[in-house]
Structure formats: C-alpha cells, structure tokens
Amino acid sequence: MLFASKHWPYLTLTETLTYAAGLYDVSDSKEKTAIVVNDIIEKMGLNGCAETRWSRLSGGQQRRLSIAVALLKEPTVLFLDEPTSGLDAAAASNIMQEIDRVAKDEKLVIVCTIHQPSTKVYNGFDQVMILSRGREAFMG
C-alpha cells in the first residue's frame with residue numbers, strides 16, 4: 001500500500017474502514033465486519049475520532065487511518081512511502097512510534113522511505129539503508 005493515500009473526505013473514520021472492509025471482502029457478515037473495524041480502530045488509538053470525517057482528521061490521524069485500512073487485509077509486510085511527509089517534528093515522531101508499535105504488535109515487517117528524518121525518527125529504526133545517488137551508502 002502506498003502511504004500517501006487519500007480517503008473519502010465525506011466519510012467518517014468508521015465508515016471509511018467499513019467501506020474498505022467491504023471492498024476487501026474482510027468478512028462474511030456485517031456483525032463480523034463491525035467487530036474487525038472496531039478492533040482496528042482501538043489498535044490504532046483512533047477511538048476518540050471514530051465518528052470524525054476524514055477531512056477533519058489531523059495529519060497524524062489520517063496516516064493512522066491509512067495504516068488501519070492496510071491492516072484490514074492482515075498483511076505480513078507494509079510498504080510506507082514518506083509516512084512523515086507534511087508533519088511537524090512531534091507528529092512525525094509520534095506516527096513513527098505508532099508504526100513501530102503496530103509492527104511489533106501485529107508481527108509485521110514495515111519498510112519506509114523517509115527523506116531527511118529527524119534524529120528521534122532515525123534512532124527509532126531497527127534497520128537503516130541510506131542511499132546516495134541511487135546506491136547503498138550505508139546499511140545497518
């Protein structure tokens with residue numbers, strides 16, 4: 001999943017996840033879908049904005065919603081393109097901590113591309129590959 005996804009601005013967070021669950025054929029009943037959606041909302045710490053329209057969510061909440069939509073498919077690997085783009089330093093650090101927590105809780109491999117991460121974001125990675133002019137400059 002590319003991270004810079006835009007969602008339906010007129011749907012609430014819960015409606016977005018429910019609609020995506022239907023598109024992904026997540027379960028065979030509305031009741032099971034509701035349970036899955038509520039579980040993901042809780043996992044992502046989005047309870048307080050579950051009935052908020054996408055257009056009214058903060059940048060960090062929008063990113064967590066994008067991850068929540070991806071989690072509906074129960075992936076083993078997530079590719080996130082610039083998950084901190086457009087966020088201030090504090091929000092970028094918070095979203096990266098959330099991504100780290102989700103990776104550990106869900107036993108996921110998450111691969112991120114990030115340009116010019118802050119020291120706090122950089123220090124949160126388990127593995128880092130730095131590219132220079134399209135070639136590996138550092139791996140570790």
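A: In the protein chain, 62% of the contacts with a separation of 6 or more are between residues 24 or more positions apart, a contact being heavy atoms within 4.5 Å. This is a predicted model, where local features need pLDDT of at least 70, side-chain atom pairs count only at pLDDT 80 or more, and totals for chains, interfaces and linings use all residues. Residues are numbered from 1 along each chain as its sequence is written, and side-chain values use heavy atoms, with hydrogens and water left out.

Q: What order do the elements run in from the N terminus?
A: They go α-α-α-β-α-β-α-β-β. Helices (H or I, at least four residues) and strands (E, at least two) are DSSP runs, numbered from the N terminus.

Q: And how much of the chain is buried?
A: Buried residues are 36% of the 140; buried means under 20% relative accessible area, with a 1.4 Å probe and protein chains only.

Q: Switching to helix 4, which residues are buried there?
A: Ala92, Ser93, Ile95, Met96, Glu98, Ile99, Val102 and Ala103. Their cover includes helix 2 (30-43), helix 3 (59-71), strand 1 (77-81), strand 2 (109-113) and helix 5 (119-123).

Q: Nice. What caps the N-terminal end of helix 4?
A: Aspartate 88 does, with a side-chain oxygen 3.2 Å from the backbone nitrogen of alanine 90.

Q: And what comes just after helix 4?
A: Lysine 107 is there, with a positive phi of about 55°.

Methods
Buried means under 20% relative accessible area, exposed over 50%, partly exposed in between (1.4 Å probe, protein chains only). A polar contact is a pair of N or O atoms within 3.5 Å; within protein, one must be able to donate a hydrogen and the other to accept it, and residues adjacent in sequence count only if both atoms are side-chain atoms.
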